[in-house]
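Here are my notes for you on this one. Keep the viewer open while you read, and click through each point as you go.

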Amino acid sequence: MRKFFLLTALTTTIGLTQSLTSFAQERVHVGWAAMTASHAPLWVAQERGLFAKQGLLTESIFFGAGPPAMQALVAGDLDIVVTSAPNVVNPRLGGVDVVMVLSIIPTFIDHIISAPSITNPEQLKGKIGSVNRFGSISDMGLRLSLKRLGIDPEKDVRIVPAGGNPERLAAISKGISQFTIMNEPFIKEAERLGFRDLVNMATLKIPLHGNGVVTREAIIKTRRPVIAKFARAITEAIHYIKVDKETTKAIIGKYTRLTDPEGLERTYRNYTSVLMDVPYPDPAGIKTLLDDMAPKSPKAAAADPKTFVDASFIQEMEASGFIKQLGKK
């Protein structure tokens with residue numbers, strides 16, 4: 001099974017690092033799920049040698065979506081997946097021992113984009129909104145944001161699936177929908193076309209892990225030092241991202257193929273505005289999902305959000321002074 005995933009998944013340029021000291025490094029297989037800057041800490045950790053610094057030889061594999069990456073984790077083909085909270089909650093409710101050990105994006109960072117005639121959220125009522133697909137993080141984000149804005153997503157609006165950011169931009173351009181959810185650099189493109197940046201969803205402060213480091217409890221038991229080293233590298237990468245903007249933008253541009261200077265600047269600002277110095281996997285970011293699922297899922301209603309996260313790795317980094325030392329660099 002391992003061979004199958006490693007041959008068929010798209011292996012990125014984060015591939016195996018060749019060095020004379022590779023025999024002393026511990027190998028770790030990592031899956032990631034979206035070509036967005038929310039994965040910048042993963043990219044920076046590789047590009048700046050932070051995994052190697054921790055004694056890790058990483059092979060990172062791009063899956064394009066969270067569920068297949070999680071399937072590879074469960075099958076034993078991966079050690080770690082960098083993905084969003086919904087991809088943790090659903091398998092965990094099904095009895096799989098997956099757990100989030102570090103939060104990268106602790107809230108929604110997308111924006112609600114609307115037709116230019118819509119000047120305030122109240123005017124979204126009676127309109128059609130588009131998301132990637134039903135049940136996706138964009139679908140959940142839009143619905144939860146509408147609730148925070150006093151709009152019932154079931155009664156006041158109609159939500160339709162339209163695909164990824166480019167497809168949703170096309171849908172709103174053709175009038176198929178009047179509002180949608182997007183992140184940078186597509187927000188910039190939408191504004192260029194005359195659409196309105198109506199709501200920055202990060203300002204709504206809805207706790208939800210838009211991206212984080214996920215593994216299995218069984219892997220933690222057998223390879224805890226490896227997971228700890230990976231968590232340290234990602235935490236140092238988050239610090240690096242905040243202090244070296246230009247190098248970070250260059251790395252984001254390399255992986256996203258974004259070359260527009262303004263687009264890179266906006267993308268950097270959008271993502272770094274929510275990065276935490278101490279990236280705890282807060283149970284509140286899981287509870288948001290469980291509460292949303294509870295009316296239709298007895299398991300979600302009865303679940304304890306604390307069991308979906310393992311904060312011990314962050315606690316160890318704090319106790320050892322590792323995170324404090326990063327702040328002095």
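1. Let's start with a helix pair: the axes of helix α10 (residues 245-256) and helix α11 (residues 261-272) come within 10 Å and cross at roughly 105°. Axes here are lines fitted to C-alpha atoms, for helices over the stretch in contact, and angles run from 0 to 180 degrees between N-to-C directions. That makes α10 and α11 roughly perpendicular to each other (angles under 35 degrees count as roughly parallel, over 145 as roughly antiparallel, 65 to 115 as roughly perpendicular and the rest as oblique). On the α10 side the contact (heavy atoms within 4.5 Å) is made by Lys 245, Thr 248, Lys 249, Ile 252 and Gly 253. On the α11 side it is made by Leu 264, Glu 265, Thr 267 and Tyr 268. The residues of this contact divide into three nonpolar, three polar and three charged; Ala, Val, Leu, Ile, Met, Phe, Trp, Tyr, Cys and Pro count as nonpolar, Asp, Glu, Lys and Arg as charged, and the others, Gly among them, as polar.

2. A word on the ground rules. This is a predicted model, where local features need pLDDT of at least 70, side-chain atom pairs count only at pLDDT 80 or more, and totals for chains, interfaces and linings use all residues. Residues are numbered from 1 along each chain as its sequence is written, and side-chain values use heavy atoms, with hydrogens and water left out. Helices (H or I, at least four residues) and strands (E, at least two) are DSSP runs, numbered from the N terminus.

3. Now look at the loop between α10 and α11, where you'll find Arg 257. Phi of Arg 257 is near 60°, a positive value in a residue other than glycine. Is Arg 257 buried or exposed? Arg 257 is exposed, with a relative accessible area of 76% (buried means under 20% relative accessible area, exposed over 50%, partly exposed in between, with a 1.4 Å probe and protein chains only).

4. Lys 205 deserves a click too: its phi is near 55°, again positive in a residue other than glycine. Lys 205 sits in the loop between β10 and β11 and is exposed, with a relative accessible area of 64%. For background, most residues other than glycine have a negative phi, and most peptide bonds are trans. On that second topic, the peptide bond from Glu 184 to Pro 185 is cis, with omega near 5°. Pro 185 is in the loop between β9 and α8 (186-192).

5. Next, the inside. The largest nonpolar core has 93 residues, and Leu 42, Phe 230 and Ile 234 touch the most other members. A nonpolar core is a set of buried Ala, Val, Leu, Ile, Met, Phe, Trp, Tyr and Cys residues joined through side-chain atoms within 4.5 Å. Helix α9 (residues 217-243) gives this core its largest share, 13 residues. Leaving aside neighbours within four places in sequence, Phe 230 is in contact with Val 30, Leu 42, Phe 51, Leu 56, Ile 80 and Val 213. A second, separate core of seven residues includes Leu 169, Ile 172, Met 182 and Ile 187.

6. Helix α2 (residues 40-47) is largely enclosed by the rest of the structure, because seven of its eight residues are buried. Leu 42 and Trp 43 are among them. Just after α2, Gly 49 takes a positive phi of about 75°.

7. Strand β5 (residues 98-107) is mostly covered, with ten of its ten residues buried. Seven bridges join β5 to strand β11 (residues 207-216), and the two run antiparallel. Two strands pair if DSSP finds at least two bridges between them. Val 99 has Thr 215 as its bridge partner in β11.

8. Finally, trace the open sheet of five strands, in the order β8-β7-β9-β6-β10, with mixed pairing. Its edge strands are β8 (158-161) and β10 (196-200), each pairing on one side only. Four bridges join strand β6 (residues 111-114) to strand β9 (residues 179-182), which run antiparallel. Helix α7 (residues 165-173) lies across β6, β7 and β9, running at about 160° to β9.
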